[in-house]
Amino acid sequence: MSNNKSNKSKMLYTFFAWLISLAIFFPILWTILTSFKTETEAIASPPSLFLFDWTLENYNKVMQQSPYFKHFWNSVVISVGSSLLGLLIAIPAAWSMAFIPTKRTKNLLMWMLSTKMLPPVGVLIPIYLLFRDLGILDTLGGIVVIMTLINLPIMTWMLYTYFKEIPGEILEAARMDGASVGQEILYVLAPIALPGIASTLLLNVILAWNEAFWTLILTTVNAAPLTAFIASYSSPEGLFYAKLSAASTLAIAPILILGWFSQKQLVRGLSFGAVK
Amino acid sequence: MATNNSKTLARMMVTPAVILLLIWMLIPLGMTIYFSFLDYNLFGDGENKFIGLLNYEFFLTDPAFVDSFFNTLILMTGVLFITLVGGTGLAILLDQAIYGRNIVRIMVLAPFFVMPTVSALVWKNMFMNPVNGIFAYISTTFGFEPIDFFTHIPLTSIIIIVSWQWLPFASLILLTAIQSLDREQLEAAELDGAGKFCRFRFMVLPHLSRAMTAVVLIETIFLLSIFAEIFVTTQGGPGNASTNITYLIYTQSLLEYDVGMGSAGGLIAVVLANIVAVFLMRMIGKNIEG
Amino acid sequence: MGSITLKQVTKSFDDNHVIRPLDLEIEEGEFVVFVGPSGCGKSTLLRIIAGLEDVTSGEISIDGADATHMPPGKRGLAMVFQSYALYPHMTVRNNIAFPLKRAKLEKNIIEQKVNQISNVLNLTDYLDRLPGQLSGGQRQRVAIGRAIVREPSAFLFDEPLSNLDASLRVNMRLEISQLHKDLKTTMIYVTHDQVEAMTMADKIVVLNAGKIEQIGSPLDLYDNPINKFVAGFIGSPKMNFITMTMDTNPEVDSIGVRPEHFNISDTEGTWKGTVGVAECLGSETYLYVQIPDIGQLTIRTDGNCPFKYGDTIFLSVDSENVYYFAKNGTCIPLD
């Protein structure tokens with residue numbers, strides 16, 4: 001009896017869960033499907049879900065029209081570069097605040113996080129002018145620096161919450177065993193905190209990959225990442241659905257795949273240690 | 001809890017981060033403050049006269065400011081409301097024993113990885129387009145007039161798009177929180193005769209408050225400065241119907257080249273964000289013990 | 001090797017004086033136990049000796065050399081932490097080898113030493129496991145192994161047994177005592193458990209509120225406590241305190257009697273009371289006796305005790321087994 005009942009409710013929950021998650025996923029699915037249609041099929045009414053002539057034509061066109069791989073490479077350099085650079089600065093800072101806290105540590109953390117609340121528009125003009133005067137508008141180096149600074153508070157905070165969970169005694173043991181601070185971080189802290197460091201890195205790669213304020217404003221051609229590449233489809237190119245879909249799929253696929261593989265670490269990292 | 005030696009070292013280790021963030025904050029902010037007192041147009045005569053608070057006066061009395069202020073608030077609260085309520089519901093659903101949970105999870109999480117420009121373009125063209133969009137197709141199939149989303153309900157449309165992007169984040173954080181709930185506690189409550197609603201209201205919900213704080217905090221950081229979604233869909237229009245403060249300043253400074261006015265606006269945005277920030281910091285200060 | 005001297009050492013965090021001016025002499029090869037209630041400063045004192053904390057003032061010397069500002073790794077001391085503090089990502093072998101690698105020893109010497117230590121500690125079969133795959137007792141042994149492999153001039157133990165279950169604790173206690181007999185190295189051991197202090201120490205340092213109450217051998221502290229605090233802290237079950245005044249000595253404020261020193265009778269005695277709970281352990285029995293106007297006294301007597309709940313009982317004590325305390329707590333020797 002009860003087994004039957006719980007089985008029934010399991011089916012019911014399964015049904016609703018799949019219904020809702022399919023609805024949430026549908027725009028992405030639809031985009032991917034449309035990218036394989038011809039332009040006529042893409043706007044056909046009624047639209048067909050799977051029964052159409054699959055074609056790679058759109059991908060060809062998109063690649064010809066703008067150098068996808070160049071934008072892709074720019075995105076990789078910007079997101080990975082800024083995340084690695086950020087880690088380099090954030091790990092020592094987080095180590096210091098987590099293991100040798102002072103009375104001011106908490107305020108310092110809050111202040112760091114508050115810089116993240118600074119609306120980008122508040123500093124838009126000076127940054128734009130500074131970049132123009134330094135001649136680093138539309139350069140990868142410039143945008144990497146900005147991305148590093150933008151994500152530094154989040155990185156520091158995330159690492160701090162990870163480090164906090166590591167018992168200080170282990171690091172003290174290393175100190176007793178004659179390890180210098182560098183060795184302590186390298187041989188003991190970093191390996192233990194590796195999952196945390198990895199998820200911090202991942203999250204920041206994703207955030208930087210998708211960042212679409214500074215990348216749109218500070219890049220035009222040479223350093224333009226995929227966000228800018230796709231923004232050029234805003235109008236009227238956007239009306240060519242199949243091509244738009246192909247470009248969109250190309251822009252999101254790398255990070256979508258990366259994100260799916262690392263979702264466990266991501267969720268933990270995202271919550272700033274609020275959820276264990 | 002350490003020796004003077006290690007304290008000195010600790011200070012050295014935290015210094016680069018602090019200095020970089022200080023520079024990042026103070027130099028541009030200082031320049032913004034300076035510009036905001038000038039009559040400074042990128043294509044002006046280059047005289048850049050000092051005009052006192054005139055920029056602020058213009059910015060604050062501009063009807064567009066009031067519109068964009070409320071649009072920013074509506075956008076933020078709308079998305080927060082949808083993602084928190086929807087996220088809680090979804091989290092509870094995903095917490096049940098269901099078939100294929102991993103695939104469901106992956107599908108729910110997916111929108112989070114989609115860059116704002118892409119999601120805005122896809123929604124704008126393929127879903128909300130009044131002629132060829134999927135929604136238009138559904139409406140006409142059922143004999144309704146298709147909605148012209150970005151003309152008639154521009155702000156709502158943007159709220160829908162942004163909520164879609166942030167719903168996965170909220171659901172997954174809340175799901176993780178629910179899964180960390182002490183099952184024995186719930187069973188004890190059930191034995192004590194607490195009904196389903198009662199258990200949700202008095203046990204699950206309080207347990208989720210920490211996670212909800214995290215969701216509100218992180219989403220707010222990003223929602224206050226929504227830009228790309230507006231940039232590629234409505235361009236702030238029609239009129240100012242979907243202009244938020246970020247977008248308003250962008251148009252004023254980089255489209256109309258009025259640096260002075262843009263700077264004044266930027267500072268006002270900073271002040272407003274700080275009000276929200278102080279409020280939020282209190283909240284997390286209480287909820288996340290350092 | 002292994003003598004440690006503390007001179008006028010103090011430690012305060014802001015206005016909180018954790019260690020008040022304190023002198024202590026630890027001799028080579030001694031097993032010294034710091035004991036006291038939680039918050040008495042015993043762990044802080046150990047961490048100061050280790051170099052994990054600075055002194056606020058005062059001097060520390062190890063083997064005659066000034067070590068006050070020496071970093072922990074240079075002091076030649078090894079520490080076993082309460083949580084063992086094993087490196088969770090390293091195998092047992094690498095855990096034990098870690099301090100040797102930091103000391104830049106040659107590979108084959110490291111291997112030889114690790115093998116030798118693991119033999120002594122019965123860890124040979126576990127060398128390639130991670131700490132997470134070991135039981136509590138095994139982890140404890142790895143922590144000890146990591147400490148001895150460096151051949152330090154002294155070992156520091158910070159409540160090393162408090163995470164083990166009761167029976168294992170007794171075993172490890174014996175093992176550590178045995179280790180001390182074998183190595184003859186100075187050991188400083190922090191605990192709040194007076195049984196550990198009594199059974200292991202050559203010298204016990206009783207700490208309370210950041211200062212030393214008394215230093216002495218276990219039996220010395222048991223027989224001649226200097227004050228009420230030490231009298232109450234050493235000995236299990238606790239000494240009974242009875243508030244009373246004496247005509248012969250107006251200074252006396254209370255007396256103390258150890259549970260094992262009462263004479264029991266069912267007909268006559270100094271105090272008359274009613275047996276409350278009687279805990280029968282087989283080898284011995286603890287009686288909790290309610291005495292009107294005085295309160296509850298704990299009595300320890302032999303295993304086949306005839307008294308049970310509700311019985312009336314008479315208690316008395318031989319005068320040489322009574323301790324007399326003044327109002328400020330000091331023990332007054334009476335002849």
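Biologist: Which residues does Val33(C) touch, not counting residues up to four places away in sequence?

Modeller: Two residues are in contact if their C-beta atoms, placed from the backbone, lie within 7 Å. In this predicted model, Val33(C) touches Tyr189(C), Thr191(C), Ala197(C), Met200(C), Ala201(C), Ile204(C) and Val205(C), leaving aside residues up to four places away in sequence. Residues are numbered from 1 along each chain as its sequence is written, while chains are lettered from A and ligands numbered from 1 in the order in which they are written. The model is predicted, so local features need pLDDT of at least 70 and side-chain atom pairs count only at pLDDT 80 or more, whereas totals for chains, interfaces and linings use all residues.

Biologist: Which residues touch the most other members of the largest nonpolar core?

Modeller: A nonpolar core is a set of buried Ala, Val, Leu, Ile, Met, Phe, Trp, Tyr and Cys residues joined through C-beta atoms within 7 Å. A residue is buried if 20 or more other C-beta atoms lie within 10 Å of its own, exposed if 12 or fewer, and partly exposed in between. The largest nonpolar core has 254 residues, and those touching the most other members are Ala90(A), Ala94(A), Leu159(A), Val33(C), Leu156(C) and Ile188(C). Helix 7 of chain A gives the most to this core, with 15 residues.

Biologist: How is confidence to be read, and what pLDDT does chain C average?

Modeller: pLDDT is the predictor's confidence in each residue, from 0 to 100. Where it is low, the predicted coordinates should not be read in detail. Chain C averages 90, and 99% of its residues score at least 70. For the complex, the predictor gives an ipTM of 0.82 and a pTM of 0.82.

Biologist: How many helices and strands does chain C have?

Modeller: Helices (H or I, at least four residues) and strands (E, at least two) are DSSP runs, numbered from the N terminus. Chain C has 8 helices and 19 strands. Its C-alpha trace spans about 75 × 45 × 35 Å along the principal axes, and 38% of its 335 residues count as buried.

Biologist: At what angle do helix 3 and helix 13 of chain A pack?

Modeller: Two packed helices are described by the angle between their axes and the distance between the axes. Axes are lines fitted to C-alpha atoms, for helices over the stretch in contact, and angles run from 0 to 180 degrees between N-to-C directions. Helix 3 (residues 57–65) and helix 13 (residues 241–261) of chain A pack at about 75°, with axes 8 Å apart. The two helices are therefore roughly perpendicular to each other, a class that covers 65 to 115 degrees; angles under 35 count as roughly parallel, over 145 as roughly antiparallel and the rest as oblique. Among the residues that meet are Tyr59(A) and Val62(A) in helix 3 and Ala246(A) and Leu250(A) in helix 13.

Biologist: Is Asp293(C), which has a positive phi, buried or exposed?

Modeller: Asp293(C) is exposed because 7 other C-beta atoms lie within 10 Å. Its phi is about 75° although it is not a glycine, and it lies in the loop between strand 15 (284–291) and strand 16 (295–302) of chain C. Asp138(A) also has a positive phi, of about 60°, without being a glycine. Asp138(A) counts as partly exposed because it has 17 C-beta neighbours inside 10 Å.

Biologist: Which residues does a cis peptide bond join?

Modeller: Ser236(C) and Pro237(C) are joined by a cis peptide bond, with omega about -5°. Pro237(C) is in the loop between helix 8 (228–233) and strand 11 (240–243) of chain C.
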